[in-house]
Amino acid sequence: MALPVSRFPALLRIASRRYPALRAGPILRARTGWEQSRSFSNSPTWQIRTKEMNDELMKDLKVNQARFMEDIHHTCQWGTGESWGDKSTETGMSRLALSDADKSARDWFVETTKALGCKVTVDAMGNTFAVRPGLRNDKPPTFVGSHLDTQPTGGRYDGILGVTAGVEMLRVLADNWTETEYPVGVVNWTNEEGARFPMSMVSSGVWAGSIPLETAHNLREVHPGTATMKSELERIGYLGSTPASYEAMPMAAHFELHIEQGPLLEMANKKIGVVTGVQAYKWFTVKVKGRDTHTGTTDLKSRADALLTASKMILHSHRLATANSALASTGILNLKPGSTNTVPGEVTFSLDIRAPKDATVAKMKELVLRDFHKIAAGEDVEGSNHGCTSGLPLTVSITEDFDSPATTFHSDCITSVRQSAHSILGPNMAMEMTSGAGHDSVYASKRCPTSMIFVPCRDGVSHNPREFCKEDDCAIGAQILLQSVVRFDRMRDERRISWKQEPYTL
């Protein structure tokens with residue numbers, strides 16, 4: 001069957017990539033700076049535009065799995081954590097935001113993307129944007145984004161997978177002399193984890209206009225440190241001069257590749273999660289105040305034991321979550337005075353509440369506020385005092401630190417991911433799902449079309465040194481990320497639109 005004449009130029013360019021003898025000119029010139037327009041007629045004839053690509057030609061853009069995995073493990077030399085296996089790559093990570101290890105990983109990102117012809121911009125929150133120019137540079141870039149910071153005892157895929165997949169996207173586009181119609185970029189968001197500075201996704205939140213810059217800059221690192229975000233940004237040289245704002249660094253779209261951090265994909269034997277949204281959650285700080293007393297001379301009925309009371313509250317939050325199909329977790333607990341023979345007089349603990357619907361989280365908050373005060377006063381709330389000696393009343397204060405409403409992602413981005421997964425894997429290896437964890441895509445979605453791609457992680461384990469994703473699954477996720485961006489770029493050209501950088505109704 002004869003091929004249409006219109007396909008010859010594109011196919012010739014594909015062939016020239018496979019057979020260097022067919023090349024008719026010098027290697028691809030370096031891309032530097034922001035150009036308002038670029039004439040395609042000035043580009044080498046073997047380059048191909050994304051608008052010329054059909055599904056068959058898109059498949060020619062292939063992720064280099066070995067190179068991609070090398071990047072992941074290379075960046076993990078900075079902040080290497082606990083070892084769990086015999087191989088050098090079988091370790092966790094401990095790379096807290098704005099630490100010296102984080103600076104080294106950031107420096108790698110900047111140097112690598114600049115070498116690939118990107119313009120790199122650092123904003124006032126240390127968010128780092130690497131942009132590869134397109135043929136038309138009068139509209140915002142389509143971004144791939146995630147984070148390089150980790151939990152204190154985290155793994156080497158959470159966040160790191162998404163940033164390095166973005167770098168691999170840039171490499172593949174360069175390798176194949178592919179011209180996007182509009183700019184594409186990669187962003188490394190600062191302190192996504194909220195592990196060192198206790199507000200997750202804080203820097204994407206500032207970019208979106210949801211968190212004041214001053215609030216973020218004044219965040220103090222968790223006990224026992226005293227540094228603030230601003231002081232550490234200055235110290236490591238990543239306090240950028242560009243405002244941390246969607247107006248200063250607008251995005252046409254934001255795609256994020258991430259490990260699932262749960263067991264659903266593995267249980268369903270699926271390779272890809274097409275993420276349609278993120279569940280709601282709130283963070284609280286609970287402070288229980290009683291009285292320090294001697295453990296040997298104070299009988300049980302004369303105690304105001306802050307730790308015992310806090311324990312009852314934590315158990316009760318679990319019961320409330322069970323009854324309301326929600327999640328409740330405590331990850332930080334500090335007590336005073338911290339002496340073996342002194343009854344604790346003050347306890348502070350964190351409370352993380354999550355559910356798919358905002359209304360469920362709001363109900364959980366209402367129940368916690370009601371019941372924790374009763375427990376502190378000594379009331380027997382749902383058997384909380386069963387088998388215990390009643391002591392003296394205590395007080396409790398509850399502060400809401402963070403609120404992330406349920407998020408619904410944009411249909412155009414979801415469609416790009418869904419079509420890419422179908423093209424690469426066929427019809428039965430992907431499933432739609434809601435993210436249980438918060439991600440920078442939550443705030444990005446407030447200002448531009450957004451979606452996420454999940455890949456399975458072993459046993460659903462994350463925030464743990466044993467966090468693991470198979471090399472093939474990492475590469476499949478990166479391949480679908482790449483193709484999703486190309487599809488979105490092609491769609492932008494077909495529609496000749498760029499979404500306004502302002503809140504919109506989904």
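## Exercises on a predicted model

The protein chain holds 14 helices and 20 strands (DSSP runs, H or I of at least four residues for helices, E of at least two for strands, numbered from the N terminus). The model is predicted: local features need pLDDT of at least 70, side-chain atom pairs count only at pLDDT 80 or more, and totals for chains, interfaces and linings use all residues. Residues are numbered from 1 along each chain as its sequence is written, and side-chain values use heavy atoms, without hydrogens and water.

**Exercise 1.** Determine how helices α3 and α5 pack.

*Solution.* Take the helices: α3 spans residues 65-75 and α5 residues 160-175. Their axes lie 9 Å apart, at an angle of about 140° (lines fitted to C-alpha atoms over the stretch in contact; angles run from 0 to 180 degrees between N-to-C directions). Next, list the contacts (heavy atoms within 4.5 Å). On the α3 side, they include Arg67, Phe68 and Asp71; on the α5 side, Ile160, Leu161 and Thr164 are among them.

**Exercise 2.** Is Lys282 buried or exposed, and what does Lys282 contact?

*Solution.* Locate Lys282 first: strand β11, residues 280-289. Its relative accessible area is 12%, so Lys282 is buried (under 20%; exposed is over 50%, partly exposed in between; 1.4 Å probe, protein chains only). Now leave aside neighbours within four places in sequence. Lys282 then contacts Leu351, Asp352, Ile353, Val361, Lys365, Glu400, Phe402 and Asp403. Finally, check Ala362: 80 residues away along the chain, its C-alpha atom is 8.9 Å from that of Lys282.
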